[in-house]
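Me: Let's go through the labels on this model one at a time. For each, I want the value, the cut-off and the conclusion.

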Amino acid sequence: MRKNGLASLVPFYFIILIDNLSVSLIIPVLIPISYDAHTGIMSSGGTSTRDLFYGVAIGSYSLAMFLGAPLLGSLSDHFRRKKTLSLCLLGLALGYALTIWAMLRRDVYMFVAGRVIGGLFSGSLPVAQAAILDVTPKERRVNSIGLIMFCVSTGYVVGPLIGGYLSDPTLVSWFTLKTPFIFVAGATLLNLLILLVAYREAPAPKPAGRMAFPNPVKHLMESFSFPGVRLLSAVLLFMSLGWTAFFQFIGLYLTANEGFDQRGVTNLISVVGVGLAAAFLSLVPLSMKYLKPHVAVTGALAGMAVCIAGTALTGSSIALYALCLVGAVTYGISYSGLVGMMSAAVADSHQGSVMGTAGATAAISAGLSGVVFGIIDGSSAVPIFSAAAFVVLAFALIAVRGMGGSGAQGAEEGADTTSMV
């Protein structure tokens, strides 16, 4: 296993990058795909129909990721990392191919099918991370985790740039709405080839018994059964609902109501990515160094609620960019702090469950917020103000926890958390 050098790990870092840019790539390009009657996928249909398509197209990816990620983890344990990640890359390429074909045929159902297939195979971050750490000496693992987070953050910055600029025919005449998907599909297949050639993995041992097929819904619900993290899990859920609703619909809101064009949405979502990168790479460790996690999370949630609501209230472009940047930073601090508090509240034997809960919560939140707000009124301010309301609710719950809780539930949380640390 240790015969693999640093160069052989490059495909795993690219898998992490592709996984995360896939999430943000779609934001700027899906707006014209959904709403432009000439170049988009629907030649006719009212705003409500297009809102529904936008919400389903963006939410189905995350819902599929929620269902697929636990299965990929089981496949990885059963058939090892290389085979599982090869399957992930093939599945992603197939999802992009279906998306491109759907756009050529202007087939709405095939487009959604492509998004579902892509989502099923996109939850490869834990597998790729495990593959990297498997072959990394303990003394270098901190550096490896730093590179992993760099790839995660870079994906959120690069994704919208690929989606927005590679689909802009004013830059290059042959760029179309399909170009970003062609580019990422090609990069995915190239990464698969590099993985097959460069990485050597020891043969998998003979599987002991049948492979377990995990139930993601059951797993998510079980996470709320740990007394020490029950309230924290609820805070994470509401915060994730708020952030994903904002992230998925802010570009659409600005396009429909503030006159933003595709390039404006592209730049704005990239600024959000910069805020996430700054948070995860430097500001999270800094805030946790000087503040207690509970204080950092409470303050960050308050700031996030203000920033999200402010984006629908300000008329200044400079203020809008600043609010999105600060909002992304506060999300990064809130998410990292909550996950850290959840980890500290349970025994070592439950760490895997807690980490899985965090990923599952983010995925199910993105899926539900996309579909629900697409049905309600995706191009209005409803998703933005609802997002702020969700974050306010998360803030209220964490504030109550900080005051020792109120009633029997608060007492139970405090006692159980203390006993389980």
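Reply: Start with exposure: buried means under 20% relative accessible area, exposed over 50%, and partly exposed in between (1.4 Å probe, protein chains only). The model is predicted: local features need pLDDT of at least 70, side-chain atom pairs count only at pLDDT 80 or more, and totals for chains, interfaces and linings use all residues. Residues are numbered from 1 along each chain as its sequence is written, and side-chain values use heavy atoms, with hydrogens and water left out.

Me: Why is isoleucine 375 called exposed?

Reply: Its relative accessibility is 56%. The cut-off is over 50%, so isoleucine 375 counts as exposed. Isoleucine 375 lies in helix 13. Helices here are DSSP runs (H or I, at least four residues), numbered from the N terminus.

Me: Which residues make the nonpolar surface patch?

Reply: Leu52, Leu368, Val372, Ile375, Ile376 and Val382 make it, at about 500 Å². Helix 13 (residues 351–377) gives the largest share, 4 residues. Patch residues have over 30% relative accessible area and no salt bridge; nonpolar side chains are joined within 5 Å, like charges within 9 Å. A salt bridge is a side-chain nitrogen of Lys or Arg within 4 Å of a carboxyl oxygen of Asp or Glu.

Me: What makes cysteine 151 buried?

Reply: Its relative accessibility is 11%. The cut-off is under 20%, so cysteine 151 counts as buried.

Me: Why is the pair of tyrosine 54 and phenylalanine 249 called tilted?

Reply: The whole structure has 12 aromatic pairs. Here the centres are 5.6 Å apart and the planes at 55 degrees, so the pair is tilted. Rings of Phe, Tyr and Trp (its six-membered ring) pair if their centres lie within 6.5 Å; planes under 30 degrees apart are stacked, over 60 edge-to-face, the rest tilted. Tyrosine 54 is in helix 2 (residues 47–79) and phenylalanine 249 in helix 9 (residues 230–257), 195 residues apart. Both are buried.

Me: What makes tyrosine 156 and phenylalanine 247 edge-to-face?

Reply: Their planes stand at 75 degrees, with centres 6.1 Å apart, so the pair is edge-to-face. Tyrosine 156 is in helix 6 (residues 141–165) and phenylalanine 247 in helix 9.

Note on methods: Areas by Shrake-Rupley, 256 points an atom, 1.4 Å probe, with all protein chains shown as cover. Helix = DSSP H or I, 4+ residues; strand = E, 2+ residues; numbered from the N terminus.
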